[in-house]
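Please look at the sequence and the structure before I go through them.

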Amino acid sequence: MQQDSLWQAVLGEIELTVSRGNFITWFKPSLLLEYDDELITIGVPNVFIKQQLERKYADLLRETLAKNGIMAPSIIFKISSAAPKSKRPSDESVLVGMPTPNQQSVVTAGGQSGSGQNQQQMGGNTNSNGGNSLSHSYRQGINERYTFDNFIVGAGNELAFAACQSIAQMPGTKYNPLFLYGGVGIGKTHLIQAAGNAVLAQNPKAKVLYISTEQFVQEFVDALRFRKTADFASYYRTADMLIVDDVQFIAGKEKMQEEFFHTFNALHQANRQIIISSDKPPKEIPTLEERLRSRFAWGMSIDMQIPDFETRCAIVQTKAHTHQVELAPDVVEYLATNIQTNIRELEGALNQLLAFCEMRNLVPDLSIASSILGASKSRPKHLSAKQIIERTARHFQIPMEDILGDKRDKDIVVPRQIAMYMLRSELHLSFPKIAKELGRKDHTTAMHSVNKIEKESRIDAELRTILSEIKERLYA
Ligand code: ADP
Ligand code: MG
């Protein structure tokens, strides 16, 4: 008992030091198992939390323990079934970074206490729905399944997560609009709907509208046809929060852009929150009117990326937990290594694996995982190393011989590195094999090149576009 209250004191202090999300994700589910002058043993529910605490927070823990009178030279983290676990899927805060709605009202972004301000923004809107002949046919469109609680936070999505969270706490005041962009299946829809759900949880009366741009366009076309544009306009212009998903589909739709421009202005002027998602930044959406483009840039734009390896592992493990399955770490890592670009695909592969095993009463293991994934990965089979190198050369409009040769000019070196990266990502060749394909003896250059491109593609959107263009052509 005493040990318990001691640990609560330590956690209380840590809570003041790290972000709310990190606290809930990494520290809350831990407990003090044992300590003496030599060793402190901390129990955690799973390997991901263990790794994260070891890598990032060991010093902080040691210092905080010392402040509370426990000094020992070493700390170990032990996976312990006694550690608080999440029991229900909705209680998944163990691996994610979001307080529950109740906790949320006390926590505000930046650590200030501002709950008064939180409440005041929303729901002041008295015209919701009422008296609008078309409104019954508009869906609010938010799926309750998408919450902050079941969104796993990590490198790649943490900034987007923090922005959505902070918007949900004080809609309309901070980042308005929030423009979130990034590739397919990386969690954009999940996050922006989670923001909507969080606002609704605080204020069920708020008029939170979520709409995919395709549906938005369709409704607008219908409104034009049935001469109901006034209804359409008043419905959307009186939202408390408007979430428009996949706005890239507005490209080329002039009338819709004009309508959206006015909607945008009306909402923005009234301090109503606008969230927009897209697969590319505003400047790359073709035929987007300049005035909309500039408005999209008024608030905050975030380049969201596929979560890194560790986070993908955590996603797989958490999703497996919701099916009451504890996967072996090598299976988790196998999935996270082999599906690197799309969380939807990652989920799909996991579901396939779990279904396969459940039907046959098997425990999922590496060989089953690799046979299932291998079977669905038929694409790379009919692709040769030569095709990849050729395609890369053609993309950069240089002769293939240059990639295979020794020239050191930058416009040759980068394509060469990209070709090596593609050999790795598409054909899963070993580094010595990659070196050989490029006519080189030493495989360290291949290793260096692959790592370099992998790292740079995390921060360089242009590079990511190049990679996906080459891939698209390869599989076309
Ligand atoms: P996008 O809109 O970027 O194409 P989605 O939001 O539809 O992607 O995400 C695809 C799927 O992956 C959804 O089922 C979503 O719940 C899941 N997903 C993506 N990122 C995460 C995450 N960080 N944690 C949990 N689930 C995620
Ligand atoms: Mg989406």
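**An exposed glutamate, and the chain around it**

Glutamate 326 is exposed, with a relative accessible area of 51%. Exposed means over 50% relative accessible area, buried means under 20%, and partly exposed lies in between, with a 1.4 Å probe and protein chains only. Please keep in mind that this is a predicted model, in which local features need pLDDT of at least 70 and side-chain atom pairs count only at pLDDT 80 or more, while totals for chains, interfaces and linings use all residues. Residues are numbered from 1 along each chain as its sequence is written, chains are lettered from A and ligands numbered from 1 in the order in which they are written, and side-chain values use heavy atoms, with hydrogens and water left out.

To stay with this residue, glutamate 326 sits in the loop between helix 12 and helix 13 (329-338). Helices (H or I, at least four residues) and strands (E, at least two) are DSSP runs, numbered from the N terminus. Apart from neighbours within four places in sequence, glutamate 326 is in contact with Gln317 and His321, where contact means heavy atoms within 4.5 Å. The side chains of glutamate 326 and histidine 321 are joined by a polar contact of 2.8 Å. A polar contact is a pair of N or O atoms within 3.5 Å; within protein, one must be able to donate a hydrogen and the other to accept it, and residues adjacent in sequence count only if both atoms are side-chain atoms.

Let me turn to the chain as a whole. Its secondary structure comes to 21 helices and eight strands, and buried residues make up 49% of its 476 residues. The mean pLDDT, the predictor's confidence in each residue from 0 to 100, is 83 for the protein chain, and 85% of the residues reach 70 or more. Over residues 85-139, however, the pLDDT is below 50, and this stretch has 117 contacts in the model beyond near neighbours in sequence.

Next, two buried positions. Threonine 311 lies in helix 12 and counts as buried, at 6% relative accessibility. Its side chain makes a polar contact of 2.4 Å with that of aspartate 308. Leaving aside neighbours within four places in sequence, threonine 311 touches Ile152, Val153, Gly154 and Ala155 by the contact criterion.

Isoleucine 388, in helix 16 (residues 385-396), is buried with a relative accessible area of 0%. Beyond neighbours within four places, the contacts of isoleucine 388 include Leu383, Met422 and Leu474.

Which residues come nearest to ligand 1? Of the 19 residues around the ligand, they are Ile152, Gly185, Thr189, His190 and Arg344, where a residue is near if one of its heavy atoms lies within 4 Å. A backbone N or O atom of glycine 185 is 2.7 Å from an oxygen atom of ligand 1. For histidine 190, a side-chain N or O atom lies 2.6 Å from a ligand oxygen, and for arginine 344 a polar side-chain atom lies 2.7 Å from one. The protein covers 95% of the 560 Å² of accessible area that ligand 1 has on its own, computed by the Shrake-Rupley method with a 1.4 Å probe. Helix 7 (188-202), helix 12 (309-322) and helix 14 (343-360) are the elements that give two or more residues to this shell.
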